[in-house]
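Subject: Structure handover and findings

Dear colleague,

Please find below the structure that I am handing over to you. My findings follow it.

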Amino acid sequence: MGQQHLQPNVNISLNDKPVRKSRWLSFMKKLTKNKAAIAGATVVFTIMILAILAPLIAPYDPTHIDMSKKFQGPSSEHWLGTDDKGRDILSRLLFGSRISLTVGILSTLLGAIVGVVLGIVAGYYGKWIDSVIMRICDVLLAFPGLLLALAIVSILGPSTTNTIIAIAIFAVPTFARIVRGSTLSVKKLEYVDAIRAMGSRDTRIIFKHILPNITSPIIVQATLYIASAIITASALSFLGLGTQPPDPEWGTMLSNGRSYIAQAPHITLFPGLVILLVVVGFNLFGDGLRDALDPKSKK
Amino acid sequence: MLTFLIRRFLQIIPVMIGVTLAVFLLMHLIPGDPAQIMAGEKADEAQVEQMRENLGLNDPLHEQYLRYVGNAIQGDLGTSIRTNRPVVNEIFDSRIWITMELAFWGTVLAVVFGLIAGIISATRKYSFADVSLMVVALFGMSMPNFWLGIMLIYFFSVNLGWFPIVGWDSWKHMVLPVITIGSGGAAIIARMTRSSMLEVLDNDYIRTAHAKGVSERLVIYKHALRNALIPVVTVVGLQFGTLLGGAVITETVFAVNGIGRLVIDAIKARDFPMVQGAILVCAVAFVFVNFLVDIAYRLINKRIDLN
């Protein structure tokens, strides 16, 4: 069993269906055995379903203002209470999940696509192309934490779309570095040399043989990255530089509740708890995927 | 060691060129006319033209860049539009030191708590303490720090009255912001230390040390921890960068007048020279910290080689 997992993934790309099937089964077996990963996946998929169904299940209009109901605590009428403008917090959280998940997933996807392309090109072609791409990544990584995203938003202006672009750019070097490393190790395998010697074109080698073999680290990184993208997006909104009010983004809701922390702490408490829950979910699921996909990982 | 230092230092140069170029281009990527934005919406054409001339925007781009770098090296990062003071003075008069102090204590908290938790977890694998600490670390890592900051204010300042809500005057002001900024790093370092220690504790030389009758304490602190620290050092360096970025949030939550808050205020006021200057200073500080981390890394692990 252990031996089988230590084999490089090269068999996948040779269209050997039984091997592919057994790897898939082995992956699913490992993943389903990991209780933490299942808990994470359950949280993630539940929130995704709630986000999709938000217009159907939200009890109130998330932007409907009713000043006569402001600052109400949790009750049977408003399960999570109301905010400073009498808006229903549960409805706002449900609609907010659409924004936060969209930003988290889209920005990660965008950053991953660009990062993967750059990483493969750098790893596969090497030489000066590699140096140029990696130096660009070094420069992007030299801007600490949130500052790169802030710099980008400062140019583009605050909005949900610009938040996605900023976080995607922020993600590019992380993916490029991982993919470059994986590409280098796959490129060294003898069978890639053999295919090249047989006259295969570079694009065919990349898409048919290299890319399928480096998907595991990309999937793991992407899952974990969505978690930090959601936090970064809500941080930008919290600072007033992301999604703009009255859109019910979780960070914006938190920022809004901050002024009323003494009289109505629930306005701040619930959006924070939801962010925490989703991020924990993605982190647990990502850790589980890594354990199931990476033969060397330790439990 | 000297060769390592020189080679590592030379690697900084292209990164610094890239960083200065990126920060310089910030101004040119702004949609619209930078001179118009700098001069203000109400400025007439002559004023805008004067501003363009003052900023040297009529010169070729490469000349502008070289001048920008030349000025930056001499400590001239332009003038803030909002306050009309030199950007360098705005940053270095007090702001940056407050942020450095915050990031420093945040790092200390992250390293101390992270290491202790990681060591306890690794040496008591799968025990109640291990599982609890790792659950706390997972939540610490996943918690948005702006929310944590607000919740700390709610419990410890508003309800219990133990700490002041805002400001940066005494140690009492520093407790909650330092916890806010350092908790995420502590969680990451704890997880890293645990996995790194577990890997080291599995080695033959540890078994040999045990077999020779070396005490458990000595095995852990002298043999295991020293080797386990190698990957942790890198994480600490990266954490310092995250903390510099995290200062933006923490300073906003606790109304601390550091460089993070300066950046936010400058972005909101579209004070671009200020934004450029503050981001450049933070990036340079981060590059420098990474340089120091690499030296520390080399000192702990002599096998490392730049290739």
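Please note at the outset that this is a predicted model.

I begin with the aromatic rings. Over all chains, the count comes to 15 aromatic pairs. One of them joins F238(A) and F146(B): the ring centres are 4.8 Å apart and the planes lie at 20°, so the pair is stacked. This pair crosses between chains, with F238(A) in helix 10 (residues 215-238) of chain A and F146(B) in helix 7 (residues 145-159) of chain B. Both partners are shielded: F238(A) is buried at a relative accessible area of 3%, and F146(B) is buried at 0%. Within chain B, ring pairs also connect F9(B), F288(B) and F291(B) in a cluster.

Next, I draw your attention to a helix of chain A. Helix 12 (residues 266-293) of chain A consists of 28 residues. From its first C-alpha to its last, helix 12 of chain A reaches 40 Å, which is close to the 40 Å expected at 1.5 Å a residue. Of its 28 residues, 22 are buried, so helix 12 of chain A is largely enclosed by the rest of the structure.

I turn now to the charged side chains. The structure holds 18 salt bridges over all chains, and I describe some of them here.

- R180(A) pairs with D130(A), and their closest N and O atoms are 2.6 Å apart. The bridge links distant parts of the chain, since R180(A) lies in helix 7 (residues 160-187) of chain A and D130(A) in helix 5 (residues 127-141) of chain A, 50 residues apart. R180(A) counts as partly exposed at 23% relative accessibility, whereas D130(A) counts as buried at 13%.

- D84(A) and K85(A) meet through their side chains in a salt bridge of 3.3 Å, N to O. Here D84(A) is buried, with a relative accessible area of 5%, while K85(A) is partly exposed at 30%.

- R52(B) forms a salt bridge with E49(B), with 2.8 Å between the closest N and O atoms. The two residues are three apart in helix 3 (residues 45-55) of chain B, so about one helical turn separates R52(B) from E49(B). R52(B) has a relative accessible area of 19% and is buried; E49(B), at 37%, counts as partly exposed.

- D83(A), R87(A) and R92(A) are joined in a network of salt bridges.

Yours sincerely

Note on methods
Residues are numbered from 1 along each chain as its sequence is written. Chains are lettered from A and ligands numbered from 1 in the order in which they are written. This is a predicted model: local features need pLDDT of at least 70, side-chain atom pairs count only at pLDDT 80 or more; totals for chains, interfaces and linings use all residues. Side-chain values use heavy atoms; hydrogens and water are left out. Rings of Phe, Tyr and Trp (its six-membered ring) pair if their centres lie within 6.5 Å; planes under 30 degrees apart count as stacked, over 60 as edge-to-face and the rest as tilted. Helices (H or I, at least four residues) and strands (E, at least two) are DSSP runs, numbered from the N terminus. Buried means under 20% relative accessible area, exposed over 50%, partly exposed in between (1.4 Å probe, protein chains only). The expected span of a helix is 1.5 Å times one less than its number of residues. A salt bridge is a side-chain nitrogen of Lys or Arg within 4 Å of a carboxyl oxygen of Asp or Glu.
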